[in-house]
Amino acid sequence: MQRIAQVIKVRPEKLAEYRELHRNVPRPVLDRLRRSNIANYSIHLLGDRLFSYFEYHGDDLPADLAAVAADEATQEWWKLTDPCQEPVEEAAPGEWWTGMEQLFLME
C-alpha cells in the first residue's frame with residue numbers, strides 16, 4: 001500500500017462553492033476511485049491550501065490514475081472543482097495537485 005499526500009490552493013472566492021461540492025460527491029466519481037484501488041481518501045483545508053491524502057492498494061498507480069482521468073463522471077466533476085483550485089508555487093510546470101514528501105510515519 002502506498003500513502004499519497006498532495007497539496008493545491010483553493011481560490012478564496014471559490015471556497016464556499018468547493019465546500020458545498022464536497023458535501024455530495026457524485027457516487028460514480030467515488031466508485032471510479034474505489035475501482036482504481038484508492039481508499040481512505042480525504043481532503044483537508046488550512047488557509048488557502050487543500051491537503052489530500054489517500055491510500056493506494058494497487059500495483060500500477062499511473063494506470064489507475066489514468067483510468068480515473070478517463071472516466072466521464074470524473075471529468076464532469078473536475079469541470080466543477082478545477083475552477084476552484086490553482087497550483088501551489090512549488091508545483092512543477094503543468095502539475096495540478098503537487099505531491100508531498102513523507103518525512104515521518106508512525107504505524
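How many nonpolar, polar and charged residues are in the lining of the largest pocket? The count is 20 nonpolar, 8 polar and 3 charged, with Ala, Val, Leu, Ile, Met, Phe, Trp, Tyr, Cys and Pro taken as nonpolar, Asp, Glu, Lys and Arg as charged, and the others, Gly among them, as polar.

These views come from a predicted model, where local features need pLDDT of at least 70, side-chain atom pairs count only at pLDDT 80 or more, and totals for chains, interfaces and linings use all residues. Numbering starts from 1 along each chain as its sequence is written, and side-chain values use heavy atoms, with hydrogens and water left out.

View A. Buried means under 20% relative accessible area (1.4 Å probe, protein chains only); strands are DSSP runs of E, at least two residues, numbered from the N terminus.

**View B. The antiparallel partners of β1.** Strands pair if DSSP finds at least two bridges between them. β3 (residues 49–56) joins β1 through 8 bridges, with Arg3 opposite Glu55. β5 (residues 98–99) has 2 bridges to β1, and Val7 faces Thr98 there. β4 (residues 85–86) also pairs over 2 bridges, putting Gln85 across from Val10.

**View C. Residues around the largest pocket.** Its lining takes in 31 residues, and Leu33, Tyr41, Ile43, Trp77 and Trp78 lie nearest the centre. Lining residues have an atom within 4 Å of a point on a 1 Å grid over the protein atoms alone, a pocket being an open set of points where a 1.4 Å probe fits, with protein on both sides within 12 Å along at least five of seven lines. β2 gives the most to this lining, with 8 residues.

Conventions:
Helices (H or I, at least four residues) and strands (E, at least two) are DSSP runs, numbered from the N terminus.
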